[in-house]
Amino acid sequence: MTDINGLELIDSAEAGNTGAHDQLFETFYGELRRMAARELRRNAAATLTPTTLLHETFLSFSRRESAAFEDRARFMTYSAHAMRGLIVDHLRNRKAQKRGGAFQFTSLPTELQHAADDDVQLEKLNEALDGLARIDARLAECVELKFFCGFTFSDIARMWEVSERTVQRDWDKARLLLNRLMTGPELTLGSAI
């Protein structure tokens with residue numbers, strides 16, 4: 001698929017064409033499914049399948065009033081953000097059920113401690129990314145595209161129409177701020193710069 005066709009679909013979806021929503025997901029299905037599989041490999045505690053995660057992302061996308069995707073990068077960023085949110089919600093729900101939310105007796109193997117630590121780390125990362133988006137939306141988008149979507153620096157540079165070095169600098173700054181958000185005191189816009 002050419003970028004021009006993708007942009008036409010995005011414009012059509014943004015205009016409210018529900019058929020374009022379906023076609024947009026269909027067009028990027030292979031890439032989105034690979035992204036879902038990669039996310040689930042990173043978060044082994046999530047018991048979702050890539051297909052389930054992708055379809056839940058599609059439902060999330062379909063419920064939006066307006067698409068508001070300027071380009072492919074924004075669409076992929078939204079998709080990665082939606083997938084990450086669904087995984088975090090799934091893990092939180094599982095954790096709530098384990099603590100009596102569904103009141104079931106469950107035998108827990110001792111090796112679940114590692115999975116619980118992963119859940120906590122994922123929640124911290126999710127909160128840190130949300131905080132980074134409030135500080136600098138472009139840096140958060142860089143993380144979404146690089147880490148969650150799996151794009152290279154050169155892919156992102158082409159999408160943003162900037163140099164690859166600019167994307168690398170954004171990536172370095174984003175990683176630094178994410179580390180501070182995950183380990184240190186709350187950052188604000190003034191203290192982050």
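User: Which residues have the most contacts inside the largest nonpolar core, and how many residues does this core have?

Analyst: A nonpolar core is a set of buried Ala, Val, Leu, Ile, Met, Phe, Trp, Tyr and Cys residues joined through side-chain atoms within 4.5 Å. Buried means under 20% relative accessible area, exposed over 50%, and partly exposed in between, with a 1.4 Å probe and protein chains only. Here the largest nonpolar core has 47 residues, and L32, F75, M76, L132, V143 and L145 have the most contacts inside it. Two or more residues each are given to this core by α2 (18–27), α3 (29–42), α4 (50–63), α5 (72–101), α6 (112–135), α7 (137–148), α8 and α9. Helix α5 provides the largest share, 10 residues.

This is a predicted model, in which local features need pLDDT of at least 70 and side-chain atom pairs count only at pLDDT 80 or more, while totals for chains, interfaces and linings use all residues. Residues are numbered from 1 along each chain as its sequence is written, and side-chain values use heavy atoms, with hydrogens and water left out.

User: How many helices and strands does the protein have?

Analyst: Helices (H or I, at least four residues) and strands (E, at least two) are DSSP runs, numbered from the N terminus. The protein has 10 helices and zero strands, in the order α-α-α-α-α-α-α-α-α-α along the sequence. Of its 193 residues, 39% count as buried.

User: What share of the contacts joins residues 24 or more positions apart?

Analyst: Contact means heavy atoms within 4.5 Å. Among contacts with a separation of 6 or more, residues 24 or more positions apart account for 67%.

User: At what angle do α8 and α9 pack?

Analyst: Axes are lines fitted to C-alpha atoms, for helices over the stretch in contact, and angles run from 0 to 180 degrees between N-to-C directions. Angles under 35 degrees count as roughly parallel, over 145 as roughly antiparallel, 65 to 115 as roughly perpendicular and the rest as oblique. For α8 (residues 153–160) and α9 (residues 164–183) the angle is about 110 degrees, with the axes 8 Å apart. The two helices are therefore roughly perpendicular to each other. On the α8 side, F153, S154, I156, A157 and W160 meet E164, V167, Q168, D170 and W171 of α9. By class, this contact has six nonpolar, two polar and two charged residues; Ala, Val, Leu, Ile, Met, Phe, Trp, Tyr, Cys and Pro count as nonpolar, Asp, Glu, Lys and Arg as charged, and the others, Gly among them, as polar.

User: Is E161 buried or exposed, and where is it found?

Analyst: E161 is found in the loop between α8 and α9. Its relative accessible area is 73%, so E161 is exposed. E161 is not a glycine, yet it has a positive phi of about 60 degrees.

User: Which residues does E141 contact?

Analyst: E141 lies in helix α7 and counts as buried at 8% relative accessibility. Leaving aside neighbours within four places in sequence, its contacts are A73, R74, T77 and W160.

User: What does L9 touch?

Analyst: L9 is in helix α1 (residues 3–14) and is buried, with a relative accessible area of 10%. Not counting residues up to four places away in sequence, L9 touches A20, Q23, L24 and T27. The C-alpha atoms of L9 and D22, 13 residues apart along the chain, are separated by 9.7 Å.

User: How many disulfides does a search of the whole structure find?

Analyst: A disulfide is a pair of cysteine sulfur atoms within 2.5 Å. The search finds zero. C142 counts as buried at 0% relative accessibility, and C149 counts as buried at 8%.
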